[in-house]
Amino acid sequence: MRFVSAAAALLLLTQTATALPQAASAAATAVSLPSPNLVLAGTVRGSQNQTYFSIPFQVPAGVHRITVRFTHDKMAEHTVLNLGIADPERFRGNSGGDKQQFTLSDSDATPSYLPGAILPGTWKLLISVPNIRPNVTAHYHAKIWFNLHIDDTSFTEHPLNSQRGWYRGDLHMHTAHSDGSCLNQTGQPVPCPLFVTAQTAAKRGLDFIAITDHNAVSQYDDERELQPYFDKLLLIPGREMTTFHGHANIWGTTRYVDYRVGTAHAPDINAMFRAAHRLSALVSINHPEAPSGEICMGCGWTANPPADMRLVNAVEVMNGNGGRGFFSGVHFWQSQLARGYRLTAVGGSDNHHGDWLPSQEGSVGSPTTVVHAANLSVAAILAGIRAGHVFLDLSGSRDRLLTLRAVADGRAAAMGDDLALPAGTSVAFTLHVVDCAGDTAKWYVDGKAVSALPSMPVASADATLHAAWTTDGRRHWIRAEVRDASGKLVLFGNPVYLNFDLTNAH
Ligand SMILES: [Zn+2]
Ligand SMILES: [Zn+2]
């Protein structure tokens, strides 16, 4: 048995911590884990058949997550070593010979293991030896990571799909972990198990979802269990930070963020946002134009002091609104863009009834947020949202597309990108729309229709439309959307930005 010394372990911990920002900013294509903080190795001999032993190791203060990978050889000789773990005070789980790797943290743990406080002190791997032949000597190897970033930010360490492309999802929904309900076997509304919502999303063909229960972190333990089952549906850690003066989703961390704005825990809304960013989460303001007061307590965006919009990544411009027709946040969003902030327009069903049928507005995936990402991982989807490579599909289809590309001075920009251009430059726009034949494409400059960019009919199921606009060298944003014959919004694109010099800090 070999231990890395405590001093070396702390050094490794420090190195891991300093490496985190880089890991967070890189869109992962293939995951290689950092060096473990501890490596424990040893041997098991035939004389230990049907015995138990433990492997102690030290957990320093400041650890909130432990991840263990345990392997051994001589499996061909039917050597079996079963794995469990105990903290300084209690048994924390046993996965037998079933799982070679597990993680446990304050909020969530691999099934077989108990989430909860990670106490500093002496922990023990609990090893059972159901079988080892008399003449066999086996070698085991345990790698232990403290505060492994990928396990704090994702329920899978590998992308569910390695292809670059458009991925469809829902970023806002509620389950039994807050106020989501669905009908039980006798037709009574009860707290709705998270599985129901995930199953509905999978049946709808979504690629990702963020369960965003109000100020809760208990949902992550369910998601840790469900992610391997939903191997085509990425579960993004999410939470609706629900304050008395507005709601905001944070995505991409399982760590606790204090929602008690106005207290020493979070003196103002910006302190809460900074806490989320320190954990590499994205921040999105929800339904900002909802009413406040007793009709909907804390729903509208009334934060005071006001939010520093450099700390905000996105705004929910379409909210499912309980099936009462989409609730728009477009005016609020546009007013921020007019001030020079590049905030990605996203949608969210805000679904509270995971069993609603897909035909119902406000059901899971209605609206759908469609993100162009390097692959289907939490890091890549959030990078796509951060970059504004996003459109909304209000019909919740599986195939509709809206892509906008601008070319000027030999440079190209997609939705969410910025071009710095002098006055008098002609910008050529190419709008590609799929499965919207008979609908109409509309253009907006700084949120307004302009005569230089008239509406255009979408003539075919795979339509490419061209337009040009000459810039005056000032700051502008130009976007497109598609409406059906009745004027109903079908697809909503993010803008291409021109001459935006004020960019968000995160
Ligand atoms: Zn809300
Ligand atoms: Zn909500």
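**Terms and the values behind them**

Modeller: In a salt bridge, the side chains of Asp-472 and Arg-474 meet at 4.0 Å, N to O. This is a predicted model, in which local features need pLDDT of at least 70, side-chain atom pairs count only at pLDDT 80 or more, and totals for chains, interfaces and linings use all residues. Residues are numbered from 1 along each chain as its sequence is written, chains are lettered from A and ligands numbered from 1 in the order in which they are written, and side-chain values use heavy atoms, with hydrogens and water left out.

Biologist: Why is the contact of Asp-258 and Arg-260 called a salt bridge?

Modeller: The term asks for a side-chain nitrogen of Lys or Arg within 4 Å of a carboxyl oxygen of Asp or Glu. Asp-258 and Arg-260 have N to O at 2.8 Å, so the term applies. By this rule the count comes to 14 salt bridges.

Biologist: What makes Arg-474 exposed or buried?

Modeller: Buried means under 20% relative accessible area, exposed over 50%, and partly exposed in between (1.4 Å probe, protein chains only). Arg-474 has 60% relative accessibility, so it counts as exposed. Asp-472 has 37%, so it is partly exposed.

Biologist: How are Asp-258 and Arg-260 classed by relative accessible area?

Modeller: Asp-258 has 13% and is therefore buried. Arg-260, with 35%, is partly exposed.

Biologist: Which residues form a salt bridge with closest N and O atoms 4.0 Å apart, linking distant parts of the chain?

Modeller: Arg-69 and Glu-157 form that salt bridge. Arg-69 is in strand E3 (residues 65-72), and Glu-157 is in the loop between helix H2 (149-153) and strand E9 (165-170), 88 residues apart. Helices (H or I, at least four residues) and strands (E, at least two) are DSSP runs, numbered from the N terminus. Arg-69 has 30% relative accessibility, so it counts as partly exposed, while Glu-157 has 11% and counts as buried.

Biologist: How do you know that Cys-182 and Cys-192 form a disulfide?

Modeller: A disulfide is a pair of cysteine sulfur atoms within 2.5 Å. The sulfur atoms of Cys-182 and Cys-192 are 2.2 Å apart, so the pair qualifies. The link has 95 degrees about the S-S bond and is right-handed. Both Cys-182 and Cys-192 are buried.

Biologist: How many disulfides does the structure hold?

Modeller: The structure holds two. Cys-296 and Cys-299 also form a disulfide, with sulfur atoms 1.9 Å apart. Their link is left-handed, with -70 degrees about the S-S bond. Cys-296 has 25% relative accessibility, so it counts as partly exposed, whereas Cys-299 has 8% and is buried.

Biologist: Which residue coordinates both zinc ions, ligand 1 and ligand 2?

Modeller: Glu-240 does, and the two ions are 3.5 Å apart. Glu-240 is buried, as is His-287.

Conventions
Donors = N, O, S within 2.8 Å, 3.2 Å for Na, K, Ca; no water.
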